[in-house]
Amino acid sequence: DLLCQAWGEAAATAADVPPLVLAGAIPVARQQHQRSLVPPRSRSSLHHLGPVVRREEVAWLLGRARALVSASILETFGFTPAEAGEAGCPVILSDIPAHREVAGEHATYVPAGDRAALRDALAALPAPGTRRPWRWPVSWDDHARALHEVLLRLADRPRHRAGT
């Protein structure tokens, strides 16, 4: 909701704010609510894409997006900002530890929950074609290997019986 509000405000004040495309399984009632948060003249530029499940689709979207935006307040480790970085897609993220861990110095950070800061970041997006790819040093395979090693170590631990 915060992103929709901030984007609507940015679109009303800045000339070069691109359409907003929201990906994910967002229920219809929620989509309608989000649409109501945007000024009427901008509603045709708000698109609910639905779930994106294939990596090829994610790559295609990030390769063409003006920015990846995540205004999360609570987030686990996320690979999406890193995927955006590999595509050279500018990244606007809420300033939370999980986002800083992934994107480091490669993102524009806004305080979590700060609609005005998010609006200003959206209004100041880099010009189309301005891409600077970066790579997070841990790949999906690296992550899977590390997780596998943790699980193997846990499986080798002696099990304690209840009451002993």
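Two strands pair if DSSP finds at least two bridges between them. Strands are DSSP runs (E, at least two residues), as are helices (H or I, at least four), and both are numbered from the N terminus.

This is a predicted model, where local features need pLDDT of at least 70, side-chain atom pairs count only at pLDDT 80 or more, and totals for chains, interfaces and linings use all residues. Residues are numbered from 1 along each chain as its sequence is written, and side-chain values use heavy atoms, without hydrogens and water.

Start at strand β1, residues 20-23. Strand β2 covers residues 46-50 and runs parallel to β1, joined to it by 4 bridges. Leu22 has His48 of β2 as its bridge partner.

Now look at the faces. In β1, Leu20 and Leu22 form the covered face, while Val21 and Ala23 form the uncovered one. In β2, Leu46, His48 and Gly50 are on the covered face, and His47 and Leu49 on the uncovered one.

Move on to helix α7, residues 140-156, which holds Leu147. Leu147 counts as partly exposed because its relative accessibility is 45%; partly exposed lies between buried (under 20% relative accessible area) and exposed (over 50%), with a 1.4 Å probe and protein chains only.
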